[in-house]
Amino acid sequence: QVQLVESGGGLVQPGGSLRLSCAVSGSIDSAYAVDWYRRAPGKERKLVALISSTGNTGYADSVKGRFTISKDNAKNTVYLQMNSLGPEDTAVYYCHYSSKVGNYWGQGTQVTVSS
């Protein structure tokens, strides 16, 4: 009932920046959370950042001070601004939506940080 489409991934040099977008459509509840997860090569999927419908945010220690999660309610879009990127940030990034009616995942977008 909820569809998530990530975009904005790509190749960036170390120290560079990238902004990911998660477009949300369907039956959006009044109370929800949208999270960004990432799965690095050979590693388990881990939470990166989250934002609630009320605007509360949270970050993994590994990205604090470098990443910013935000949302535009008019566009039904959640963003992840990523600055000071390093090779350790290379991963497939996934958008995740949760509410009382269900949980949904996007298809993922590849972020590669390399010279």
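Which residues does Gly-15 touch, not counting residues up to four places away in sequence? I looked this up and found Ser-84 and Leu-85. Contact here means heavy atoms within 4.5 Å.

**Ground rules.** I am working on a predicted model, where local features need pLDDT of at least 70, side-chain atom pairs count only at pLDDT 80 or more, and totals for chains, interfaces and linings use all residues. Residues are numbered from 1 along each chain as its sequence is written, and side-chain values use heavy atoms, with hydrogens and water left out.

**Gly-15.** I placed Gly-15 in the loop between strand E2 (10-12) and E3. Strands (E, at least two residues) and helices (H or I, at least four) are DSSP runs, numbered from the N terminus. Gly-15 counts as exposed, at 53% relative accessibility. My cut-offs are under 20% relative accessible area for buried, over 50% for exposed, and partly exposed in between, with a 1.4 Å probe and protein chains only. I also checked Gly-15 against Ser-114: they are 99 residues apart in sequence, and their C-alpha atoms are 9.7 Å apart in space.

I went on to Ser-84, in the loop between E8 and E9. Its phi is near 50°, a positive value in a residue other than glycine. Most residues other than glycine have a negative phi. Ser-84 is partly exposed, with a relative accessible area of 46%. Asn-76 also has a phi near 50°. I found Asn-76 in the loop between E7 and E8. Asn-76 is partly exposed, at 37% relative accessible area.

**Arg-66.** Is Arg-66 buried or exposed? It counts as buried because its relative accessible area is 16%. I located Arg-66 in the loop between strand E6 (57-59) and E7. Leaving aside neighbours within four places in sequence, Arg-66 is in contact with Gln-81, Met-82, Asn-83, Ser-84, Leu-85, Gly-86 and Asp-89.

**The core.** I turned to the largest nonpolar core. Such a core is a set of buried Ala, Val, Leu, Ile, Met, Phe, Trp, Tyr and Cys residues joined through side-chain atoms within 4.5 Å. Which of its 27 residues touch the most other members? They are Trp-36, Leu-80, Met-82 and Tyr-93. Strand E1 (2-7), E3, E4, strand E5 (46-52), strand E7 (67-72), strand E8 (77-82), E9 and strand E11 (109-113) each supply at least two residues of this core.

I took Leu-80 next, in strand E8. Leu-80 is buried, with a relative accessible area of 0%. Beyond residues up to four places away in sequence, Leu-80 touches Leu-18, Arg-19, Leu-20, Trp-36, Val-48, Ala-49, Phe-67, Thr-68, Ile-69 and Tyr-93. Leu-80 and Ser-70 are 10 residues apart in sequence, and 6.6 Å apart C-alpha to C-alpha.

Ile-69 lies in strand E7. Ile-69 is buried, at 4% relative accessible area. Outside four places in sequence, its contacts include Val-34, Trp-36, Ala-49 and Leu-80.

**Aromatic rings.** How many aromatic pairs are there? I count rings of Phe, Tyr and Trp (its six-membered ring) as paired if their centres lie within 6.5 Å; planes under 30 degrees apart are stacked, over 60 edge-to-face, and the rest tilted. By this rule the count comes to four. Tyr-32 and Tyr-97 form a stacked pair, at 5.8 Å centre to centre with 25° between the planes. This pair links distant parts of the chain, 65 residues apart: Tyr-32 is in the loop between strand E3 (18-26) and strand E4 (33-39), and Tyr-97 is in strand E9 (residues 91-99). Tyr-32 and Tyr-97 are buried. Ring pairs link Tyr-32, Tyr-97 and Tyr-104 into a cluster.

**Charges over rings.** My test needs NZ of Lys or CZ of Arg within 6 Å of the ring centre and within 35 degrees of the ring normal. The charged end of Arg-19 sits over the ring of Tyr-79, 4.9 Å from its centre. Arg-45 lies over the face of Trp-105, at 3.9 Å from the ring centre.
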